[in-house]
Amino acid sequence: MAGQVTRAGPLTLGDRIALQFRYLLDREALLGPLLLLPAVVYIVALVGFPFVLALAYSLSDVTAGDQSLDFVGFRNFTDIVHDPIFRRALRNTFVFAFASQALVLVLANVLALALMAEFRGKWLVRLLVLLPWATPAALSTIAWLWLLDSVFSPIDWLFRQAHLLGPGTPLGPNNNMYWLGRPELAMLSVIVVHAWRILPLATVIVLAGLTSIPQDIKDAAAVDGAGFWRLFLQIITPLMFPVVAVAVLFGFIFTFTDLAVVYVLTRGGPINNTQVLGSWAFIKGIQGGDLAQGAAVALFLFPVLLGVAVLMLRLARRAEVT
Amino acid sequence: MNAARYWGSRASVYGVVSLFALFSAFPFFWGLVTMFKRSQDLYNPRNNPFAFGAGGPTLEHVQLLFQETKFVTFAVNSLFVGAVVVGITLALALPAAYSLARLAGRWGEGLGITIFLVYLVPPTLLFIPLSRVVADLGLQDSRWSLVLVYPTFTVPFCTWLLMGFLKSIPRDIEEQALIDGYSRVGAVVRTVLPLALPGILTVVIFSFTLTLHEFVYALAFVSTSSEKTISVGVPTELVRGDVLFWQSLMAAAMIVAIPVALVYNLFLDRFVAGLTLGAVKG
């Protein structure tokens with residue numbers, strides 16, 4: 001491994017240093033960590049350090065105006081836990097994540113099974129179905145904001161045409177649903193938008209899993225007389241479990257920690273009814289300037305994230321074994 | 001009997017996929033129709049929202065978007081932040097991925113998964129302390145704050161993706177180059193990088209779109225409108241309480257959404273292979 005230095009004659013000092021450096025770089029025990037170092041330093045500085053800072057903030061009285069960190073114990077946590085809006089936000093965060101992922105779980109499996117079939121125009125369906133995931137959340141949520149407009153919603157128009165909405169109809173005397181103005185409908189809207197956004201990702205993951213099941217397993221089951229449901233429940237479901245779990249866990253994290261959908265669609269309203277931990281931390285910490293309480297609110301996300309990470313590691317290990 | 005069953009199953013496949021396509025594409029369809037509508041047509045709840053009324057479609061509001069709003073500035077900011085972040089990401093993730101794939105023996109796998117898990121740490125958890133870090137560095141209200149912070153999610157994800165790619169390239173090729181007298185770095189540049197080009201391209205596309213998607217940091221760090229990116233500029237600057245601006249707003253959303261979706265479509269399979277931690281082999 002002498003490099004390509006084939007020039008005759010004595011080596012100059014510069015050559016020697018250059019050569020030494022090259023030999024040094026050829027030593028794997030050194031080169032390995034050296035290549036890894038910049039990325040690790042960056043992550044420690046801008047993920048590790050801020051995380052520790054978030055912990056410190058949550059135990060202090062820091063505000064945007066007074067940047068000094070004075071230790072106050074768990075006061076921030078006891079304060080926010082007694083705040084009804086925080087409790088509402090905590091509950092909503094779970095409700096939105098679980099409800100939207102339950103929807104996604106069912107819809108993604110149905111859609112993926114349908115996409116396994118060959119049919120004309122599949123590329124178009126794939127493209128249309130992918131749109132929600134490919135679009136920046138803040139922008140696609142604006143399209144929903146307009147779709148659910150209190151006066152001009154085309155959904156309301158369709159309802160009115162079908163005589164479901166308006167005076168003397170099943171959905172009431174008003175001419176509009178006020179999707180984002182009524183607490184239950186606003187919550188439903190947030191859940192549907194989340195499910196709509198995550199569905200493409202989950203479908204593609206499930207689809208990749210379905211296509212990776214060897215055909216001979218399915219053939220063997222068919223020869224043994226298994227029908228669609230038996231095949232689905234006893235062969236495909238167990239084989240697909242890790243893949244579906246990964247899809248659901250990702251969807252869960254993305255909805256659990258999201259703040260764009262709520263911020264753009266409802267701003268947490270009506271009257272904080274759709275507030276989530278992320279949006280509440282933003283309102284407290286950035287808009288309200290109470291960095292300490294904002295950090296404490298956001299930290300409530302952490303135990304759940306940790307749990308999901310552990311589950312993912314287990315799944316990854318299981319996937320390695322099989 | 002069998003024919004009926006066949007056509008029955010065909011019909012149900014078409015029925016199911018049409019319903020899903022409708023559900024997924026409906027907000028985009030509505031946005032596309034809206035952006036070309038005239039105001040007197042759009043703002044009348046009696047009109048059919050899906051058809052163009054008197055006067056037909058118009059480009060007036062798309063023009064307005066480009067000429068009288070800061071949309072172009074937002075787009076330039078997004079492109080700028082995206083391009084610089086892609087550069088930083090490659091500079092950090094490529095060497096790290098190579099090291100994890102080739103040089104780190106037993107601990108490489110564990111460390112690789114740890115780096116991937118960093119991708120799961122959401123902006124929502126870190127934006128408050130990072131706003132302080134950004135302010136201390138004097139980057140508040142500047143798009144440079146996003147350049148500084150965005151690699152926190154692109155680097156872990158791209159390192160993981162690239163690690164998978166590099167592992168799939170046979171070791172023999174670069175060992176041959178080492179025997180031929182190249183240094184390790186030279187061998188990698190001449191043999192591995194060209195072979196990893198599809199992987200690098202994937203990483204470029206995904207880190208760029210991840211920065212385009214990002215909302216939380218941009219919302220928390222940047223409040224000067226001339227420094228905002230599309231993702232935050234459009235919802236915060238173009239949505240005005242009382243001024244109805246919907247056509248231009250939809251134009252802004254659609255002009256960004258549709259090209260991104262087309263590009264995404266091409267690279268999605270690799271993205272999925274990365275996300276599923278190798279549980280699915282593409």
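**Exercise 1. Explain why helix α6 of chain B counts as largely enclosed by the rest of the structure.**

Solution. Ten of the 14 residues of α6(B) are buried, so the helix is largely enclosed by the rest of the structure. A residue is called buried if 20 or more other C-beta atoms lie within 10 Å of its own, exposed if 12 or fewer do, and partly exposed in between, with C-beta atoms placed from the backbone. The buried residues include B:Leu125, B:Leu126, B:Phe127 and B:Ile128, and B:Pro129 is also among them.

The model is predicted, so that local features need pLDDT of at least 70 and side-chain atom pairs count only at pLDDT 80 or more, while totals for chains, interfaces and linings use all residues. Residues are numbered from 1 along each chain as its sequence is written, and chains are lettered from A and ligands numbered from 1 in the order in which they are written.

**Exercise 2. Describe the span and the bend of α6(B).**

Solution. Begin with the limits: the helix covers residues 123–136 of chain B, helices being DSSP runs (H or I, at least four residues) and strands likewise (E, at least two), numbered from the N terminus. From its first C-alpha to its last, α6(B) reaches 19 Å, close to the 20 Å expected at 1.5 Å a residue, where the expected span is 1.5 Å times one less than the number of residues.

**Exercise 3. Characterise the side of chain B that touches chain A.**

Solution. Count the residues first: the contact takes 82 from chain B and 86 from chain A, two residues being in contact if their C-beta atoms, placed from the backbone, lie within 7 Å. On the side of chain B, helix α1 (residues 2–35) gives the largest share, 14 residues. By class, this side has 63 nonpolar, 16 polar and three charged residues; Ala, Val, Leu, Ile, Met, Phe, Trp, Tyr, Cys and Pro count as nonpolar, Asp, Glu, Lys and Arg as charged, and the others, Gly among them, as polar.

Technical notes. Bend = angle between axes of the 7 residues up to and from the residue.
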